[in-house]
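Subject: The structure I promised you

Hello,

Here is the structure I would like you to look at. Please open it beside this email, and then read on for what turned up in it.

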Amino acid sequence: MRASPITMALLYFSIGVLLIFFAIQNVSTSGWNFWSYLIVSFAAIDFMIAYRFYRLRRVIKQLQDQNKKKKD
């Protein structure tokens, strides 16, 4: 069973939020160091992937609408 693009987008977005939370905790305890930048970069990648899944859902919906119009 495949997960829908919206489900995957929400999953990646929530992981990104969690990583941002960890980065804030790390910065507040030890300042900006290598690990803080690494965590923030992983969060940025997760947000980018979430956005791509959201866009994928919109494209799939547009293709379904076009196919539905062709059949009618």
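I6, L10, Y51 and Y54 together make a nonpolar surface patch of about 420 Å². For such a patch, residues need over 30% relative accessible area and no salt bridge; like charges are joined within 9 Å, and nonpolar side chains (Val, Leu, Ile, Met, Phe, Trp, Tyr) within 5 Å. A salt bridge here is a side-chain nitrogen of Lys or Arg within 4 Å of a carboxyl oxygen of Asp or Glu. The areas come from the Shrake-Rupley method with a 1.4 Å probe, and for residues only the protein chains shown count as cover. Helices α1 (5–30) and α2 (34–71) each supply at least two residues of the patch. Helices are DSSP runs (H or I, at least four residues), as are strands (E, at least two), and they are numbered from the N terminus. Y51 is found in α2 and is partly exposed, since its relative accessible area is 47%. The classes are buried for under 20% relative accessible area, exposed for over 50%, and partly exposed in between (1.4 Å probe, protein chains only).

Before you go further, please note that this is a predicted model: local features need pLDDT of at least 70, side-chain atom pairs count only at pLDDT 80 or more, and totals for chains, interfaces and linings use all residues. Residues are numbered from 1 along each chain as its sequence is written, and side-chain values use heavy atoms, with hydrogens and water left out.

Next, the annotation. The unreviewed UniProt entry places the feature "transmembrane region" at residues 9–28 and 34–54. UniProt positions are in the numbering used here, feature names are shortened, and annotations may be inferred rather than shown by experiment. In the model, residues 9–28 are 100% helix and 0% strand, with end C-alpha atoms 29 Å apart. Residues 34–54 are also 100% helix and 0% strand, and their end C-alpha atoms lie 30 Å apart.

Is S36 buried or exposed? S36, a residue of α2, counts as buried because its relative accessibility is 0%. Not counting residues up to four places away in sequence, S36 touches A23, N26, V27 and G31, where contact means heavy atoms within 4.5 Å. N26 has its place in α1 and is buried too, with a relative accessible area of 17%. Leaving aside neighbours within four places in sequence, N26 is in contact with G31, N33, W35, S36 and I39.

Now for the rings. A search of the whole structure finds five aromatic pairs. One of them is F21 with F22: the centres are 6.0 Å apart and the planes at 50°, so this pair is tilted. Rings of Phe, Tyr and Trp (its six-membered ring) pair if their centres lie within 6.5 Å; planes under 30 degrees apart count as stacked, over 60 as edge-to-face and the rest as tilted. F21 is partly exposed at 45%, and F22 is partly exposed at 41%. The rings of F34 and W35 have centres 5.1 Å apart and planes at 75°, so that pair is edge-to-face. Both F34 and W35 are exposed.

Two distances to finish. V17, in α1, is partly exposed at 42% relative accessibility; V17 and A43 are 26 residues apart in sequence and 7.2 Å apart in space, C-alpha to C-alpha. I49, in α2, is partly exposed at 25%, and the C-alpha atoms of I49 and Q62, 13 residues apart along the chain, are separated by 20 Å.

Best wishes
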